[in-house]
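Thanks for coming. I will walk through a few local features of one model, with the definitions given as they come up.

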Amino acid sequence: MTGAAVVVVVSGLGLAGCGQSSDGGSGDTIELTIAQNSISGGKNAAGADYITNWVIPQFEAAEKAKGKNVKVKFVPSGVDDEQYKTKLSLDLKSGKGADVFDLDGIWAGEFAEAGYIKPLSDVVGADADSWDGWAQIPQSVQGLATYNGKKYALPIGTDGRVLYFNKTLFQKAGLPADWQPKSWQEILDAGAKLKAAGVPVPIQINAGTAMGEATTMQGVLPLLAGAGGQLMQDGKWTGASQPLKDALGFYQKIYGGSGLGDPKLQQEAKGRDKSFQQFAGNEIGILMESDYLWRGVLNPATGVAKMADRDQSVGYALIPAEEPGKGINGQDFVSMSGGGLRTVNPNSKHPKEAFELAAFTLSPDGLKEETKNDNVRITPRADVNKEILSTEPVLTYISDKVVPLTAFRPPVAAYTQVSVALQEATADVVGGKSPDQAAADYQSKLEGIVGGAGNVAS
């Protein structure tokens, strides 16, 4: 995945004016409705079952123990996330909508700029800042929920990008099973050895527009970070900077005639899916991807490209900076992450109970319930991850080693268009254009997207 979140909505009749204050007011019952973009037996069924079978009865019981009569009703749905985003935006724009809702982290800035969401401390009060869960959430992940220095939501999960490599092919090429490159050149050197050993595709770094956001998140943004660059900094977008030219130059070294990568694969409509099948089929040596590759693609039981010997034959390593210390913040290694957020509607008449419900779903007991059986994932909480990931070495590795050094996409409305322009820049290089020219063309497009050269730093 590239960070898309399941959209959850917790909508309360309090928004419709039930005549009840946050402590129940004139009535004895506080009614909340939780609507998630999921449905039992259909889309995101596990989420629907979790809300219905565990969250609602457990939360109602917890509130009753505190002397509050809270009733929660689940309303299922199952539409495209963008459709749900549109509906959510329209509801919030009209001052209606849900008491609590989830949104993809990449939407946060857009919603904040529009006034649809506000800092949690403004909506909820001191309870938002004193939530004990914050102590268990790494600062890097808290950054996903932060906009202009203020927390607008609770993070509900994250992921991370690494370099996967095929140990069988590495052995054939005389490369170590515990490979950890410390520079881009070491990746290229490994690719050259794989090529010499007859590996069909030594290196696969997503490029072009056909792979969409996967190109941005599993390609150009980790490379940009590795060269010390950020897509947006100090309120300005990054144009044809040296870090971007370096990132595009790395693409050129792979796809510009070296034989280290397959340029045609980057142009195919199903190129990413094909890369999964090729990696599982021992045809690709090195592949930059998220933990989704391990969990959902190569999974021997349920994967879309099942790899029976995954646990024995797949290695993983941190993505190195261009050179040691050259990554963002002077880092030796870098990554990119996505993730979802859960927040409280500024118009809610029951903000206290709404926040309690949101926090309840992210309690240790709640997250352990949500991720049991085949639903294991990296949660926002270090204490929970330590327990539930104990038998998942790759997810533990990403939680412990990758998440603390990761970066996130800028959560602003223009990002989607900027991402496409980045994908086009990589496609240009794969097609033969020089990195400098591709970077210059990208800056020209960028200025058109973000309102002129005054908003771009080159």
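**Gln204 and its surroundings**

The side chains of Gln204 and Gln266 are joined by a polar contact of 2.8 Å. A polar contact here is a pair of N or O atoms within 3.5 Å; within protein, one must be able to donate a hydrogen and the other to accept it, and residues adjacent in sequence count only if both atoms are side-chain atoms. Before going on, the ground rules: this is a predicted model, in which local features need pLDDT of at least 70 and side-chain atom pairs count only at pLDDT 80 or more, while totals for chains, interfaces and linings use all residues. Residues are numbered from 1 along each chain as its sequence is written, and side-chain values use heavy atoms, with hydrogens and water left out.

Gln204 lies in strand S9. Helices (H or I, at least four residues) and strands (E, at least two) are DSSP runs, numbered from the N terminus. Is Gln204 buried or exposed? Gln204 is buried, at a relative accessible area of 0%. The cut-offs are under 20% relative accessible area for buried, over 50% for exposed, and partly exposed in between, with a 1.4 Å probe and protein chains only. Leaving aside neighbours within four places in sequence, Gln204 is in contact with a set of residues including Met211, Tyr255, Leu265, Gln266 and Ser275. Contact means heavy atoms within 4.5 Å.

Ser275 brings us to helix H11, residues 271–280, as one of its buried residues. Seven of the ten residues of H11 are buried, so the helix is largely enclosed by the rest of the structure. Besides Ser275, the buried residues are Gly271, Arg272, Phe276, Gln278, Phe279 and Ala280. What do they pack against? Their partners are strands S8 (161–166), S9 (201–204), S12 (284–290) and S13 (314–317), together with helices H9 and H12 (291–297). Just after H11, Asn282 takes a positive phi of about 60 degrees.

Axes are lines fitted to C-alpha atoms, for helices over the stretch in contact, and angles run from 0 to 180 degrees between N-to-C directions. The crossing of H9 past H10 is right-handed. Handedness is left if the near helix is turned anticlockwise from the far one by less than a right angle, and right if clockwise. The contact is made by Thr215, Gly219, Val220, Leu223 and Leu224 of H9 with Pro243, Leu244, Ala247, Phe250 and Tyr251 of H10. By class, that contact of H9 with H10 has eight nonpolar, two polar and no charged residues. Ala, Val, Leu, Ile, Met, Phe, Trp, Tyr, Cys and Pro count as nonpolar, Asp, Glu, Lys and Arg as charged, and the others, Gly among them, as polar.

The other pair is H9 with H18 (residues 415–430), packed at an angle of about 65 degrees with axes 9 Å apart. H9 and H18 are therefore roughly perpendicular to each other. H9 passes H18 in a left-handed crossing. Here Glu213, Thr215, Thr216, Val220 and Leu221 of H9 meet Tyr415, Ser419, Leu422, Gln423 and Thr426 of H18. The residues of this contact between H9 and H18 divide into four nonpolar, five polar and one charged.

Next, a loop residue. Thr379 sits in the loop between helix H15 (364–370) and helix H16 (382–388), and is buried with a relative accessible area of 2%. Which polar contact joins the side chain of Thr379 to another side chain? The partner is Asn385, at 2.9 Å. A polar atom of the Thr379 side chain also lies 3.1 Å from the backbone nitrogen of Arg381.

Asn148, with phi near 50 degrees, lies in the loop between strands S5 (146–147) and S6 (150–151) and is exposed, at 67% relative accessible area. Asn329 has a phi of about 60 degrees, is found in the loop between strands S14 (319–320) and S15 (333–334), and is exposed at 69%.

Technical notes
Parallel < 35°, antiparallel > 145°, perpendicular 65-115°, else oblique.
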